[in-house]
Amino acid sequence: MLRLFHSGRINGAWLAFLGSIVVLGLLIAMLAWPAGSEPSKTPLLVYCAAGLMTSVTAIAKEYEAESGVPIHLNFGGSQTLLAEFEINKRGDLYLPADNSYLGMARKKDLIAEVIPLASMNVMLAVKKGNPKGIKVLDDLLKEGVKLSQTNPDAAAVGKLTREKMEKLGRWEELKKHTTVFKGTVNDVAADIKIGSVDAGFVWDVFLIQYPDLEKIPIPELDGVSAKMSVAVLKSSANATAALRFARYLSARDKGLKEFERNGFKPLSGDTWTGTPELRLMSGAMLRPAIEETIIAFEQREGCRVTRVYNGCGILVAQMKSGQHPDAYFACDSTFMTQVSDLFLDSTEISTNQLVIIVKKGNPRNIHGLKDLGQANLKIGVGHEQQCALGALTKNMLETAGRYNVVAKNVKVQSPTGDMLVNQLRTGSLDAVIAYASNMTHNKDELEAIGIDIDCATATQPYAVGKESGNAQLALRLLDAIKSGASKERFVKNGFHWQGAPK
Amino acid sequence: MNAPHADMAQPQLIRARSDVPFYVAFGILGSTYVFLIIAMLIADLRFTTGPHLLQALSSPEIRYSIKLSLISCTITTILSLWVGVPLGYLLSRFQFPGKVAVDAILDIPIVLPPLVIGLSLLILFQTPFFRALDTLFPITYAVPSVILAQFSVACAFAVRTMRITFDQINPRGEQVALTLGCSRSQAFWMVVLPEARRGILTAATLAWARSLGEFGPILIFSGATRMRTEVLSTTVFLELSVGNIEAAVAVSLLMIAAAVIVLTLLRVFGSERTFGKAFEP
């Protein structure tokens with residue numbers, strides 16, 4: 001055992017050592033102090049491009065005050081941040097300075113939802129007062145004019161500048177006259193501000209951050225712009241909260257306003273509500289295929305989707321009388337065309353085949369349209385005006401030249417295929433013309449007889465309302481409907497998958 | 001020892017040449033560096049103004065980063081000494097298998113770019129064990145990560161310094177203590193350590209200064225989260241990246257001021273009179 005006392009005094013070295021323990025303890029206590037007062041809500045970790053710090057910090061502060069959810073902003077270069085969360089697989093949102101980084105993140109399967117925010121243009125900047133009198137692009141090639149650029153392989157501005165200048169055949173000479181290539185666009189702006197170079201290519205939003213800069217408008221850079229979006233990370237353990245903040249960032253009356261204040265051009269965003277409500281009008285036939293997808297979507301987004309399922313003719317009539325949904329999923333493209341002025345471009349998701357459905361064993365021996373004319377046959381079809389099914393059936397029968405023969409056997413016209421199938425099952429009908437998908441749940445009792453005519457196929461398009469205040473949300477629902485899990489549900493329900501954009 | 005003797009012995013034979021050119025030459029060469037530093041400081045000062053400094057000081061984010069910087073650097077320094085003193089002592093006094101390898105390993109943090117240390121830490125914390133530890137006791141992106149990042153680099157400097165210190169202390173003292181009946185531990189605490197106080201002070205200074213300047217590993221391993229893992233070097237980076245050069249410079253000057261104050265305090269308290277007394281056996 002060590003003797004702590006030496007001639008009646010405590011050993012000085014020991015005292016110093018013990019002292020260091022005490023000091024360490026005190027310091028740790030000082031650091032731990034504020035941690036105790038942190039709000040109990042799970043914080044969100046946001047990887048944010050350093051150049052967006054001003055806007056995003058302000059928005060995050062406002063959101064924290066409003067929601068009580070602490071936002072931890074982690075700033076850095078877009079590429080560096082990407083590498084960070086690729087390694088540590090944590091965090092909730094990623095906000096790079098240009099969408100190209102999202103492409104990379106997507107390739108590496110690191111991100112889920114992407115919501116557009118704003119855009120900014122590349123500009124030629126000089127120091128306020130333009131001491132070198134630079135007016136046109138050619139002035140940059142003059143002797144004594146020092147040009148700073150970002151490395152085209154490292155930063156978005158450089159990449160965009162190079163692309164455009166290469167197209168104009170000006171890149172090589174510009175490159176030759178560039179005094180320095182920097183790693184980030186902020187370095188270039190700082191170069192101009194400090195005066196170490198005379199000109200540089202930077203974002204136009206820098207005019208607000210750097211009041212010492214001046215824009216030289218040159219036609220060569222017209223329309224050279226970068227788009228920014230926020231993406232939800234796949235690693236997020238708290239995707240609903242992350243999406244909520246992402247919606248706040250991208251809301252036209254919240255985050256986008258702040259971006260606009262800082263010089264960005266805001267892209268179209270939704271209106272802010274904590275729990276948004278999406279109105280979806282959908283053909284009734286689609287319900288079994290999309291219901292599960294919608295429930296999962298609601299849970300993840302923390303939103304409500306109000307579904308109006310009905311025959312498409314009825315839905316179109318409702319829309320024409322002034323009800324404008326955020327999104328519309330039609331049974332057939334003909335019912336989309338009728339209201340196309342209300343919607344943005346539509347996306348075809350699936351197709352569905354018209355078939356003749358009979359009871360198992362086919363007691364009336366029906367093998368095609370030609371057999372539907374036999375005496376005492378009770379047939380059910382879709383209502384010609386109320387639904388796509390009826391309209392398609394009519395069109396198909398006319399094409400086949402059998403409309404009149406079949407019409408005299410038609411005992412009932414129903415607004416949905418499901419109703420027809422029910423009537424067939426109760427025995428009040430012998431055959432119905434409906435979608436293949438209408439009988440997927442009654443395969444044991446029923447039998448389908450194919451109709452070999454081209455126009456016997458219905459195509460189901462999805463479109464987002466032009467005036468919708470929830471257009472971005474509706475587009476994310478489209479993404480959910482286009483996903484692999486959703487595809488399985490469509491196929492299981494007898495649909496053929498299209499899924500590709502038009 | 002020889003030169004003055006020679007000078008005195010032959011004053012008449014060779015006319016003593018003036019020492020002035022020597023001093024002037026050395027003075028000029030030496031002062032270029034000092035002037036460079038002063039010139040940079042003046043340039044910095046010209047780029048910022050009193051209001052900028054006040055503005056920087058009044059920002060809660062910057063105040064937090066000052067506090068975090070000072071505390072984390074001090075914690076790192078203490079931890080570095082706790083590891084550096086025993087490790088330096090072992091390396092200096094004992095031969096053991098694998099000593100060459102240990103020596104080489106200790107060079108890695110000094111040689112590697114700091115960024116690589118940060119990246120390596122980040123990857124290390126993705127291994128199952130450290131991941132589990134991280135969930136139990138949050139380190140990555142939290143304050144402990146700042147200290148760990150600083151420690152990973154600073155400790156290597158503390159170890160090196162302590163090793164050289166112990167190398168220069170004549171082992172005779174401890175040997176005498178041992179023959180007089182001291183145990184190894186007693187000899188260390190009562191004889192070696194008091195003699196090593198200058199080295200400890202240097203090691204502490206180096207570790208502290210290293211930690212304050214640490215940037216790359218912290219950016220990667222701790223992130224640059226305001227009010228959480230933002231230290232002064234991160235503040236400079238963040239302010240610079242939004243074009244706020246004035247604030248970046250103001251924070252840089254604060255860093256310089258903090259460093260000068262702390263290092264001076266350390267020297268005063270570590271001077272023979274005060275520090276020496278504490279270590280007196």
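Mentor: In chain B, 79% of the contacts with a separation of 6 or more are between residues 24 or more positions apart, two residues being in contact if their C-beta atoms, placed from the backbone, lie within 7 Å. This is a predicted model, in which local features need pLDDT of at least 70 and side-chain atom pairs count only at pLDDT 80 or more, while totals for chains, interfaces and linings use all residues. Residues are numbered from 1 along each chain as its sequence is written, and chains are lettered from A and ligands numbered from 1 in the order in which they are written.

Trainee: How many helices and strands does chain B have?
Mentor: Chain B has 15 helices and 0 strands, where helices (H or I, at least four residues) and strands (E, at least two) are DSSP runs, numbered from the N terminus.

Trainee: And what does the C-alpha trace of chain B span along its principal axes?
Mentor: The span is about 70 × 55 × 35 Å.

Trainee: Switching topic, how many residues of chain A are in contact with chain B?
Mentor: On chain A there are 36, and they are in contact with 35 residues of chain B. The largest share of that side of chain A, 12 residues, comes from α1(A).

Trainee: What about the classes of residue on that side of chain A?
Mentor: The side of chain A that touches chain B has 21 nonpolar, 12 polar and 3 charged residues; Ala, Val, Leu, Ile, Met, Phe, Trp, Tyr, Cys and Pro count as nonpolar, Asp, Glu, Lys and Arg as charged, and the others, Gly among them, as polar.
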